[in-house]
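Please look through the sequence and the model shown here before reading the notes that follow. They are meant for a reader who is meeting this structure for the first time.

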Amino acid sequence: MTDQENCSRVTRLAKKRATESMAELDSQQQPKKRVVLGELSNVSNMGPATRDLGSEPVQKPRCRRKKSKKAAGTRKQDVGEILEDPQMCGAYVSEIYEYLKEMEVQAKRRPLPDYIEKVQKDVNPNMRGILVDWLVEVSEEYKLCSDTLFMSISYIDRFLSTNALNRQRLQLLGVSSMLVASKYEEISPPNVEDFCYITDNTYTKQEVVKMEADLLKHLNYELGSPTIKTFLRNLTRVAQEDYKKTSSLELEFLGYYLAELSLLDYSCVKFLPSLVAASVMFLSRFTLRPKSHPWNLALQQFSGYKPADLKECVLILQDLQSSKRGGSLVAVREKHKQHKVDLRPSHRIMVSAVWYK
């Protein structure tokens, strides 16, 4: 090897070491937030001052799929033709959607609609809301996909439906559920130590692993249940057909925002995920175009729901949207502030009763 080649090799190694040192320095300067939920209050309308969940979460860039180029006048076409993205399996979308709807009603995949009243003795709806709100921040901290978040909340509700839990172990159930969901959904899921760290080491690695095993046993390893996001993904594509490019993006982001808000409210547990997804799309379209009827034949045929079926859920979502419900739980609102979409509803406009007919 010549002196010139030797010099070049040394230079490359020096640059590599410098880069690694800078990366390590950056990671040390930006430590992950650690949070202890601790004693959860029984007060049903907690303010932000009663909980310490750290500073603003790291914002996660959101991805969007290529929009359909078909004209809005294709109302009578099969919905499979509307969903052009190959990843959406357009040729089989109707059959897949029906299969998912059959799966979501299976008792083993559904939480009890009133499990807090019938099963839990030390956990109330407010505690559940605080836990979900914190898990939104955890998912942002570790840059997890939204499907992981929805799956985590599904596991929590299913576990609590048959297992009475002490409030001190509710956060343990939360991180264990997100650990299982991460292993199912993520390419590179966080490890057990990460979830211990995020709770400020309130729980040991052995405790998290034990709760993970208990959760998997309770779920009977049935992890692949459809969630609100599962149904909303396809429903959004159908709903965007009569929207222009800019409006269709607003509709997509607003739908995902309202869907995550629905996770905070215990009242939404009783609804099927497909119904919540349809209600989310109904309210999203109404918010963006309050003078137009928010439902149409294509959405009704694809979702299987009439406007009257959605009324109760839409009203709950509208209260969440206007902060009449869950106003002190701010993680979802903070997360979606990065999008240039006006998510504030007009308090003077309510969904017309005639639109539910």
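In this briefing, a residue is called buried when its relative accessible area is under 20%, exposed when it is over 50%, and partly exposed in between, as found with a 1.4 Å probe on protein chains only. The model is predicted, so local features are given only at pLDDT of at least 70 and side-chain atom pairs only at pLDDT 80 or more, while totals for chains, interfaces and linings use all residues. Residues are numbered from 1 along each chain as its sequence is written, and side-chain values use heavy atoms, with hydrogens and water left out.

**Overall build**

- The protein chain holds 15 helices and 0 strands, where helices (H or I, at least four residues) and strands (E, at least two) are DSSP runs numbered from the N terminus.
- Of the 357 residues in the protein chain, 52% count as buried.
- Among contacts with a separation of 6 or more in the protein chain, 80% are between residues 24 or more positions apart, a contact being a case of heavy atoms within 4.5 Å.

**The largest nonpolar core**

- The largest nonpolar core has 89 residues, and the members that touch the most others are W134, L135, Y155, L160, L173, M281 and L310; such a core is a set of buried Ala, Val, Leu, Ile, Met, Phe, Trp, Tyr and Cys residues joined through side-chain atoms within 4.5 Å.
- This core lies between domain 1 (107–219) and domain 2 (228–354), because both of them give residues to it; the domain bounds come from an automatic or database domain assignment.
- In soluble globular proteins, nonpolar side chains tend to be buried together.
- When neighbours within four places in sequence are left aside, L310 is in contact with L275, A278, S279, F282, W295 and Y305.

**Aromatic rings and charges over rings**

- The structure holds 5 aromatic pairs, in which rings of Phe, Tyr and Trp (its six-membered ring) have centres within 6.5 Å, with planes under 30 degrees apart counted as stacked, over 60 as edge-to-face and the rest as tilted.
- Y97 and F302 form a tilted pair, with 4.4 Å from centre to centre and 40° between the planes.
- This pair links distant parts of the chain, since Y97 belongs to helix α3 (residues 93–104) and F302 to helix α13 (residues 297–303), 205 residues apart.
- Both partners are buried, Y97 with a relative accessible area of 2% and F302 with a relative accessible area of 4%.
- Y97, F231 and F302 form one aromatic cluster.
- K101 lies over the face of Y305, at 4.4 Å from the ring centre, and the charged end of K229 sits over the ring of Y256, 4.7 Å from its centre; a charge is counted as over a ring if NZ of Lys or CZ of Arg is within 6 Å of the ring centre and within 35 degrees of the ring normal.

- Helix α7 (residues 170–185) has 16 residues and reaches 22 Å from its first C-alpha to its last, close to the 22 Å expected, where the expected span is 1.5 Å times one less than the number of residues.
- Of the 16 residues of α7, 13 are buried, and the helix is mostly covered.
- Helix α10 has 12 residues and reaches 16 Å between its first and last C-alpha, close to the 16 Å expected.
- In α10, 11 of its 12 residues are buried, including I228, K229, F231 and R233.

- F150 lies in helix α6 (residues 146–160) and is buried, with a relative accessible area of 3%.
- T227 has its place in the loop between α9 (205–219) and α10 (228–239), and T227 counts as buried at 5% relative accessibility.
- The C-alpha atoms of F150 and T227 are separated by 6.4 Å, although the residues are 77 residues apart along the chain.
- Leaving aside neighbours within four places in sequence, F150 is in contact with T227, I228, K229, A259, E260 and L263, while T227 is in contact with F150, M151 and P273.

**Loop residues with positive phi**

- K143, found in the loop between α5 (125–141) and α6, has a positive phi of about 55° although it is not a glycine.
- S323, in the loop between α14 (307–321) and α15 (331–335), has a positive phi near 70° and is likewise a residue other than glycine.
- S323 is partly exposed, with a relative accessible area of 37%.
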